Amino acid sequence: MLFTLALFFAAAAAIYVACDYFVNGVEWVGQRLELGATAVGTVLAAFGTALPESAVTFMAVAFGSTAEQKDIGVGAAMGGPLVLSTLAYAVVGLALMRLRRRQAVAECDSCIKADQQRLARDQGWFMGIFAFKVILGLLAFAWKPWLGILFLLAYALYVRRELTADDACAEADVLEPLKLRPRDAQPSMAWACLQTVLALAVIALASRVFVAQIEVLGVAMGASPHIAALLLAPIATELPEIMNAIIWVRQGKERLALANISGAMMIQATIPSALGIFLTPWKLDATLIAAGLFTMVSIGVLWLRFRREAMSVGALSAVGGLYALFAGYVGWHFYA
């Protein structure tokens, strides 16, 4: 158990350090591609950090030899959006709260400084796609696997929209020097890509170790494989997005932090879902349906607040409570 705990904390530390290099590198890649800060967060950063959880789903549904193993992939595909729409946003809110208290910010210290209308549109896209995939999980028909193509097309349209949209927040963020070339005022695209790819490789490897340890700890605490897949594994695989958010908030770039989570949610609503629909019957049990409902409630709250441009640090922090309620429901459902 001590060895498992040591690996657990070592992997978490490695993910944090690698994420620091990753966000630094991906910002320079975005700058070289002349992308807006929001597009960097929603597309480049989100796609990179979404690889670990997409890999978990793919390995489970493509190579799982039993129905239980394939269920792990379905659980990850449903649990990932739940973690992002609750815990990840709450982490941003709590980090902002702590940062502003420490800096004694007097100017609207509860406000969210981001393009809230654009974030509301992202929540709207996610809500429609996610509701469709939950409905598919309640139905059974022969040609259901072909509908996975629609999810891939939806993500392609989302990426196209993000890359062509104007960034309402036009001011440019100050970029820190590229960590591999700290004395180079204008590092080349090759160096920026090299740092980003190397950091991503470390994130993927450390995330794999982290997932393995959290599953061992879950079993040691008496959690079933189903609960580990739905509650524990998604937290582990979404850790890169959460780490990125903390780093960007620490740098005063909450717009990038929120965009990264928003973009990761779109990936989670489409790519892992498409894999699950292609390669499994995609039938949701009561626990997975509950996960979908809790996710929809959280997204509904986020959408309304962002749409009215009324999102505050407190409201953003509060959505994490929905994950605690879901965890309580799962515990009651399996152990009552």
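Contact here means heavy atoms within 4.5 Å. The model is predicted: local features need pLDDT of at least 70, side-chain atom pairs count only at pLDDT 80 or more, and totals for chains, interfaces and linings use all residues. Residues are numbered from 1 along each chain as its sequence is written, and side-chain values use heavy atoms, with hydrogens and water left out.

**Overall fold**
- The chain has 13 helices and 0 strands, where helices (H or I, at least four residues) and strands (E, at least two) are DSSP runs numbered from the N terminus.
- Of its 336 residues, 52% are buried, that is, under 20% relative accessible area with a 1.4 Å probe and protein chains only, against over 50% for exposed and in between for partly exposed.
- Among contacts with a separation of 6 or more, 85% join residues 24 or more positions apart.

**Nonpolar core**
- A nonpolar core is a set of buried Ala, Val, Leu, Ile, Met, Phe, Trp, Tyr and Cys residues joined through side-chain atoms within 4.5 Å.
- The largest one holds 85 residues, and Val 92, Leu 316 and Phe 326 touch the most other members.
- Helix H4 (residues 67-103) gives this core its largest share, 12 residues.
- Beyond four places in sequence, Val 92 contacts Ala 245, Val 249, Ala 257, Leu 258, Ile 261 and Leu 316.

**Helix pair H5 and H11**
- H5 (residues 116-136) and H11 (residues 286-307) pack at about 155°, with axes 8 Å apart; axes are lines fitted to C-alpha atoms over the stretch in contact, and angles run from 0 to 180 degrees between N-to-C directions.
- The two helices are therefore roughly antiparallel, a class for angles over 145 degrees.
- Residues making this contact include Leu 119, Gln 123 and Phe 130 of H5 and Met 296, Trp 303 and Phe 306 of H11.

- Gln 116 lies in H5 and is buried at 7% relative accessibility.
- Leaving out residues up to four places away, Gln 116 touches Arg 305, Phe 306, Glu 309, Ala 310 and Met 311.
- Ser 262 belongs to helix H10 (residues 254-279) and is buried, with a relative accessible area of 2%.

Conventions: Parallel < 35°, antiparallel > 145°, perpendicular 65-115°, else oblique.
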